[in-house]
Amino acid sequence: LNANSTPTLTMNSTVNHAAVLTWASGVVTAVAFPPVAIPPDFASAGGLEIHAFAKRASDNASNNVIDMRFWANRNATEQGTTGTPLATGAPAEISITVSSAEAGAHPGFWNVQFVPGTHTNNAVQVFAGWLEWSKLTS
């Protein structure tokens, strides 16, 4: 990804140098992130959460979402779900929960993709993404 790709990855400004992933109006190309190894201390009973700070660039539609897609290991069945509607203005947190049965167990890996829903009239932007899970206590 770069400033000339679709979607683009650019600096938010020369002041804060924050990277911004932007899908222009109408672009719904999937972005796959590098696989994440399932940690040895992953408490699979607690499941997994996928989070992002995202927004839509204008207020032309109120139902723009990011489809947060998830696969454990080489599972052929996508386990993710559509995220919550995106806000305008400042980025807001959106998230989905992956059940313990879908999250897999160590050893293994997680694959995550973000795909914007239909957004004909405005850009969709992601500023950060992260995973949350519980650690084994013993």
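The passage below describes the fold of a predicted protein model, from the whole chain down to single residues.

The structure is a predicted model, in which local features need pLDDT of at least 70, side-chain atom pairs count only at pLDDT 80 or more, and totals for chains, interfaces and linings use all residues. Residues are numbered from 1 along each chain as its sequence is written, and side-chain values use heavy atoms, with hydrogens and water left out.

Confidence was examined at the outset. The score used is pLDDT, the predictor's confidence in each residue, from 0 to 100. The protein chain has a mean pLDDT of 85. A value of 70 or more is reached by 93% of its residues. Among the elements, strand 4 (residues 36–37) has the highest mean, 96. Strand 7 (residues 81–82) has the lowest, 68.

The protein chain contains 1 helix and 10 strands. Helices (H or I, at least four residues) and strands (E, at least two) are DSSP runs, numbered from the N terminus. From that end, the order of elements is β-β-β-β-β-β-β-β-α-β-β. The radius of gyration, taken over C-alpha atoms, is 16 Å; this is close to the 14 Å that the globule rule gives for 138 residues, so the chain is as compact as a globular protein of that length. The globule rule is 2.2 Å times the number of residues to the power 0.38. Along its principal axes, the C-alpha trace spans about 45 × 30 × 25 Å.

Burial and contacts were then computed for the whole chain. Buried means under 20% relative accessible area, exposed means over 50%, and partly exposed lies in between (1.4 Å probe, protein chains only). Of the 138 residues, 35% are buried. The chain exposes about 7300 Å² (Shrake-Rupley method, 1.4 Å probe; for residues, only the protein chains shown count as cover). Carbon and sulfur atoms supply 53% of that area. Contact means heavy atoms within 4.5 Å. Among contacts with a separation of 6 or more, 73% are between residues 24 or more positions apart.

Strand pairing came next. Two strands pair if DSSP finds at least two bridges between them. An open sheet of 5 strands has the order 1-2-10-5-8, with antiparallel pairing. Strand 1 (8–11) and strand 8 (92–98) stand at the edges with a single partner strand each, so one side of each is left without a neighbour in the sheet. The twist averages 35° from one strand to the next. Here axes are lines fitted to C-alpha atoms, for helices over the stretch in contact, and angles run from 0 to 180 degrees between N-to-C directions. Within this sheet, strand 2 (residues 19–23) and strand 10 (residues 124–133) are antiparallel and share 3 bridges. Leu21 has Val126 of strand 10 as its bridge partner.

Strand 9 (residues 109–116) has several partners, including strands 3, 4 and 6. Strand 3 (residues 31–32) runs antiparallel to strand 9 and is joined to it by 2 bridges. Ala32 stands opposite Gln113 there. Strand 4 also pairs with strand 9 in the antiparallel sense, over 2 bridges. Val36 has Trp110 as its bridge partner. Strand 6 (residues 66–72) is joined to strand 9 by 7 bridges, again antiparallel. In this pair, Met68 faces Phe114 as its opposite residue.

Backbone details were found in two loops. A cis peptide bond joins His106 and Pro107, with omega about -5°. Pro107 lies in the loop between helix 1 (100–103) and strand 9. Asn73 is in the loop between strand 6 and strand 7. Its phi is near 55°, a positive value in a residue other than glycine. Asn73 is partly exposed, at 26% relative accessible area.

Two further residues show local surroundings. Val27 sits in the loop between strand 2 and strand 3. Val27 is buried, with a relative accessible area of 17%. Leaving aside neighbours within four places in sequence, Val27 contacts Thr6, Pro116 and His119. Ser95 belongs to strand 8. At 32% relative accessibility, Ser95 is partly exposed. With neighbours within four places in sequence left aside, Ser95 contacts Ile50, His51 and Met68. The C-alpha atoms of Ser95 and Asp67 are separated by 9.9 Å, and these residues lie 28 residues apart along the chain.
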